[in-house]
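This report describes a protein model, chain by chain and then by selected residues and elements. The structure is shown first.

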Amino acid sequence: MRQIGQLFKEHYSAMFRLAVVLLHDEEEGRDVVHDVFAMLLDGDIRFDADKARAFLLSCVRNSCLNVMRGRSTREQAMKSYLPEDEATEGLEEQIATLHDSIKDLAPPVCREIVLLHYRDGLTFKEIAERLDVSETTIYKHLRQAMNQLRLTINK
Amino acid sequence: MDKTELLFMMMEHPEQYTDQQWQEILMDDECRELYAMMSKVKSTFDVDRHDQRGLDDAFVKKEWETFQAHHQALAKVMPLWRKVAAAIVVAIAFCGITIAAVHHFNAAKQDTPTTTVDNQQMIQNDNGHQTATAVNGDVAEAAQEPRLYDNVPLDEIISDMATRYGVQVEWQTEEARCLRLHYQWEPSYSLDKVVEMLNSFESFNITRDGDKLVISDRASDK
C-alpha cells in the first residue's frame, strides 16, 4: 500500500489530467484513475519502476478508451469524445500547441467565438444573438478557426 | 445545407439525432476531422480549467484518503468471493468437464436481462471451429447484455471478449483453450476488470499487454 501511495502522490495529477482530456468529465476521470490504482493494488502487475509514469498513463488511456467504447456513437458525441484513432500518445502535445494557437486566431471574431463557446459555455445560438449575426455566420467562423488550428498541429 | 453546417447543428443538440445519424456524419472525412478538432479544442479548455485550479499536494492527499477509504471498504467484501472462487476452482478440469465455478460478482444486476450461451448453442463455422451465438440472434442488442456462459470453452469466451474490446489474443497454453467454464460476463465492465475477475481461476493467467491479451498457464507464469 505504501508503494501505491507513493505512485499515487507522484502521478495522480498527470493521470487525472489525461483522463479529463479524454473524457471531458472530472467525475468520470477520477473514477478511471481510482480504478487504475485499485487494479494495481489488487492485481499481480509488474512494471519497470523507471517507466511508471508511462505505464500509468497508458493504463489511464486504455481505461478511458474502454469507457468510450462502451457508449454508442450518439452518446460519444454528446460527450464530445475524440474518435478512438485520435486518442494517441501525442494528444497532450497537440493540446499544448492548441493552447498557444487559440490566442493567435484571426480574424479576432474567430477567437472570440471559440472563447465564448468553449471557455464560457455559450451555445452557438447564444453567440449569434450576442454578436447579432446568424448562426450560419457563427458556423462559418468556427470552421475557419478549426481549419487554422488544424494547420498548427499538423505542422 | 452544407454537411459541416449540419455537423455544427448536431453538435449544438447532439441528443436530438440518432446513433445512425451520428455514425453517418462521422463517416465523412471532413466532418470527422472537424469533429475531432472541436473535441481537441474542448480538451484544451478542460485542461486550462484543470491547470488553473491546480492540483496541489492537499488535493492529491485528499484523493488518496478517499481512495484508501473506498478500497478498504471493498477489501472487506472481496476476500469472500476470492475464497469462493479459489475453492470452486479446485474442481477445474480440462476438455469435456465443466468447471462448476459460478461467478456472481454482479449480484446487484441479477435482474438485468442475461444472454445465455451454452454448449447446445454452439455452431460450426466455415473453419470447423465452434462459435458461440446469442440466443436471440440479435448480436447488436446482445452486445451490452450480461452473457452467461454455461459449459463453454475458454477459447470461445476470450474470442467474444476480444471482439467486444477490440484486442488481440495470444495463447501461450493450448490446454487452457479447452477449459470449459460457467461464467457470467458483463460486457459493460472494463477489460481490465474482466481480466481481473477471470484471473480468479487458478488454472490460467491472463495478462494485458496494450491491445493484446496473453493467456498463459498459471504454473508457467510463476
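## Model and composition

The model is predicted. Chain A contains eight helices and zero strands, and its elements from the N terminus on run α-α-α-α-α-α-α-α. Chain B, by comparison, has eight helices and nine strands.

In chain A, 47% of the 155 residues count as buried; in chain B, buried residues make up 46% of the 222 residues. The accessible surface of chain A comes to about 7,700 Å², with 46% of that area belonging to carbon and sulfur atoms. Among contacts in chain A between residues at least 6 apart in sequence, 57% join residues at least 24 apart. In chain B, residues 24 or more positions apart account for 61% of the contacts with a separation of 6 or more.

## Packing of helices α7 and α8 in chain A

Two packed helices are described by the angle between their axes and the distance between the axes. Helix α7 (residues 124-131) and helix α8 (residues 135-153) of chain A pack at an angle of about 105°, and their axes are 8 Å apart. An angle of 65 to 115 degrees counts as roughly perpendicular, and α7(A) and α8(A) are therefore roughly perpendicular to each other.

The α7(A) side of this contact consists of A:Phe124, A:Lys125, A:Ile127, A:Ala128 and A:Leu131, which meet A:Glu135, A:Ile138, A:Tyr139 and A:Leu142 in α8(A).

## Helices α1 and α3 of chain B

Helix α1 of chain B covers residues 3-12, and because seven of its 10 residues are buried, it is largely enclosed by the rest of the structure. Those buried residues are B:Thr4, B:Glu5, B:Leu7, B:Phe8, B:Met10, B:Met11 and B:Glu12. They pack against α7 and α8 of chain A, together with α2 (19-27) and α3 of chain B.

Helix α3 of chain B comprises 25 residues (29-53) and, at 1.5 Å a residue, should span 36 Å; its end C-alpha atoms are 36 Å apart, which agrees. At the N-terminal end, α3(B) is capped by B:Asp28, a side-chain oxygen of which lies 3.1 Å from the backbone nitrogen of B:Glu30. Just after α3(B), B:Gly54 takes a positive phi of about 75°.

## Buried residues in the helices of chain A

A:His11 is placed in helix α1 (residues 2-23) of chain A. With a relative accessible area of 10%, A:His11 is buried. Beyond residues up to four places away in sequence, A:His11 touches A:Ala52, A:Arg53 and A:Leu56.

A:Glu28 belongs to helix α2 (residues 26-42) of chain A. The cut-off for burial is under 20% relative accessible area, and A:Glu28 counts as buried at 17% relative accessibility. Its side chain makes a polar contact of 2.5 Å with the side chain of A:Arg71. Leaving aside residues up to four places away in sequence, A:Glu28 touches A:Leu23, A:Arg71, A:Lys79 and A:Tyr81.

## A:Ile102 and contacts with chain B

A:Ile102 lies in helix α5 (residues 91-102) of chain A and counts as buried at 5% relative accessibility. Not counting residues up to four places away in sequence, A:Ile102 touches A:Arg111, A:Val114, A:Leu115 and A:Leu149, as well as B:Val41, B:Thr44 and B:Phe45. The C-alpha atoms of A:Ile102 and A:Glu112 are separated by 9.7 Å, the two residues being 10 residues apart along the chain.

Most residues other than glycine have a negative phi, and most peptide bonds are trans. A cis peptide bond joins A:Ala106 and A:Pro107, with omega about -5°. A:Pro107 is found in the loop between α5 and α6 (108-119) of chain A.

Positive phi values occur at A:His24, near 55°, and at A:Ser80, near 60°. A:His24 lies in the loop between α1 and α2 of chain A, whereas A:Ser80 lies in the loop between α4 (73-78) and α5. A:His24 is buried, with a relative accessible area of 14%, and A:Ser80 is buried with a relative accessible area of 14%.

Conventions
Residues numbered from 1 in each chain as written. Chains lettered and ligands numbered in written order. Predicted model: local features only at pLDDT ≥ 70, side-chain atom pairs only at ≥ 80, totals over all residues. Heavy atoms only, no water. Helix = DSSP H or I, 4+ residues; strand = E, 2+ residues; numbered from the N terminus. Expected span 1.5 Å × (residues − 1). Polar contact = N/O pair within 3.5 Å; in protein donor to acceptor, adjacent residues only side chain to side chain. Buried < 20%, exposed > 50% of the residue type's maximum accessible area, 1.4 Å probe, protein only. Contact = heavy atoms within 4.5 Å. Axes fitted to C-alpha atoms, helices over the stretch in contact; angles between N-to-C directions. Parallel < 35°, antiparallel > 145°, perpendicular 65-115°, else oblique. Areas by Shrake-Rupley, 256 points an atom, 1.4 Å probe, with all protein chains shown as cover.
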